[in-house]
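Here is a friendly walk through the model shown below. Keep the structure open beside the text as you read.

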Amino acid sequence: MSPLSKKRLKRGAFIGLSLAPSLVIILAFYYFSIFYCFGVSFFKWNMLGAPKFIGLNNYVLMFTNPDFWNSVKVSFVYAFWAVPFCIVLGLLAGLLLKNATFGKSFFRVMLFLPVVISMVVAALIWKWILNAQAGILNYILISVSFAKLGDMPHWMRWVNDPLGGSMAAILFVGIWKRVGYNAVIFLAGLENIPLEYYEAATLDGANPWQKFWGITLPLLAPVLFFVTVIQIIAALKVSISPLVMTQGGPARSTDVFVLHIYKEAFQNFRMGYASAIAVAVFLLILVFTVLQFRVGEKKVHYQ
Amino acid sequence: MSGNKSLPNKGFSVGQILFYAAMTVFVVIYNYPLIWMLVTGFKNSHEVYAYPPNVWPRNPVFSSFVEAWTAADWPRYMGNTLFVATAVPLLKILLSAFAGFVLTYKFKGAKIILILVLGTMMIPDETTLVAKYLLMKQLGWVNTYWALIVPGATGAFSIFLYRQFFMTLPRDLADAAAMDGCGDFRYLLSIGLPLAKSTSLTVGLLSFIDEWNSTLWPLIIINNDKMRMVQIALKVFSDDGGTTWNQLMAACCFVSLPVIALFVILQKQFIAGVASTGIKG
């Protein structure tokens, strides 16, 4: 063998061995899993007996099941409220942070603390804050005369109230965990806007309000769009906060997609049916992921 | 950081003082839930249910922490979680550095493999939970560390980060090494990886925090108390009779301490990683 082809062989072996472990993992736990999920969705399977092929029956069951449509509604309501609040509050915090002349990294760390703790801990803390009797939030609402002790509106029962209270509870956690993250992303975007623009606007006598609408917002638009799509995807994937705070209740008022899949699969052992819902949720999220990649290509770059 | 540093010896303007006051109020309110977790941990089991609630514990006690720590086998759970949250980042650094490195080469199929790798970002873990569980069952990995470690041992995001980094290394460096008879493998181990230290730190840190906080997957794949992870173990303080909130909040404190400490120490890498990619979260 010539030395050149020997060298090529060596390089080929190196490439193959370097990629193999990563590719095996990626193929098994992503591509194979999603195809497997698709396959299982055509079967009826409780994991005890053999899976039984039932064609599209699981999908028919799903689309005619009010519990599925309930989880669609719950997930969309959650996203509808969570996304704008995460973004507006995150942008506000990012703008504040940008104007700090010193102590910026300290404030950034403080904004990021709720992001790094686990969703379980965050949900437990908020469940305690929202405790109907001994919780600090109800105490504050009562002491500012927003509500009267002994005559509280139904939603102040928070995690136990099916008519809005439980949804508000999981929204608080979700928004709280996300604001700091968005603030840091927005800050990076804001710092990319050249200072000269603002200086020129000042010379022209623009006030801060005009600068915000005329310079900041248009130049931040790509980042804003990118963050919006990320937030929509994240909101559609929410699971831990309802799992910890409400188990999807009361009366399925917080039974989001992922929790619904989890319960059908691991509590009711309807593997095929749960897979059918998973396929539907996957396709729904895929629409937004494709959107995110498209925008990503158009050079949304911060930092 | 912005260039126009204020000069402290000139004193502060009124506007600046107001700004920092507003900033401080915002940050305190935002972090109040964390403060409340800590405050509740220092209350005894009577004071925790006092109405009106005391904003500060009247007689702070440390006993809730001790009771919480002894209420369950925490050393075991912490050990399990530490093992998984160390093994996964180390493997992830190793496997994705190698994959990211060779993906900078020009060879047949390189582009397709890169697309395949990046394409996994379109498949959310939440939607493959059931299939992954069934797969693990076939492999006989339910209730094993394999199930907790292997799926996270590489990742599109980390492979991509390494590839981006290795593409910035000058060609001359590899050529000079090759002239000295240094093969690809040795070049990566002794030159490439040490230079990629900051990428490795970002990948490792994000992965550690992800694993320490992981909940849904361990909940599904582990039902053996000996292998329980910390986030799942927080369940012990709630039953049908109610929740012992002071102990639970104390436990939340020590479960969160490792990630908070690590984040505060290495915040620059962490925030750089998040801000430059926007993928985590």
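## Chain A as a whole

Of the 303 residues in chain A, 43% are buried; a residue counts as buried if 20 or more other C-beta atoms lie within 10 Å of its own, as exposed if 12 or fewer do, and as partly exposed in between, with C-beta atoms placed from the backbone. This is a predicted model, in which local features need pLDDT of at least 70 and side-chain atom pairs count only at pLDDT 80 or more, while totals for chains, interfaces and linings use all residues. Residues are numbered from 1 along each chain as its sequence is written, and chains are lettered from A and ligands numbered from 1 in the order in which they are written.

Chain A holds 12 helices and 2 strands, in the order α-β-β-α-α-α-α-α-α-α-α-α-α-α from the N terminus. Helices (H or I, at least four residues) and strands (E, at least two) are DSSP runs, numbered from the N terminus. Chain A is more spread out than a compact globule, because its radius of gyration is 25 Å, well over the 19 Å that the globule rule gives for 303 residues. That radius is taken over C-alpha atoms, and the rule is 2.2 Å times the number of residues to the power 0.38. Along the principal axes, the C-alpha atoms of chain A fill a box of roughly 70 × 70 × 30 Å.

## A hardly covered helix

Look next at helix H8 of chain A, residues 195-203: the count of buried residues among its 9 residues is 0. Just after H8(A) comes A:Gly205, with a positive phi of about 80°.

## Two helices crossing in chain B

In chain B, the axes of helix H3 (residues 74-102) and helix H10 (residues 197-212) come within 8 Å and cross at roughly 145°. Axes are lines fitted to C-alpha atoms, for helices over the stretch in contact, and angles run from 0 to 180 degrees between N-to-C directions.

Residues in this contact include B:Val84 and B:Val88 of H3(B), and B:Val203 and B:Phe208 of H10(B). Two residues are in contact if their C-beta atoms, placed from the backbone, lie within 7 Å.

## Where the chains meet

The contact between the chains takes 75 residues from chain B and 73 residues from chain A. Several helices of chain B each supply at least two residues to the side that touches chain A, among them H3, H5 (129-139) and H13 (245-265). H1(B) gives the most, with 11 residues.
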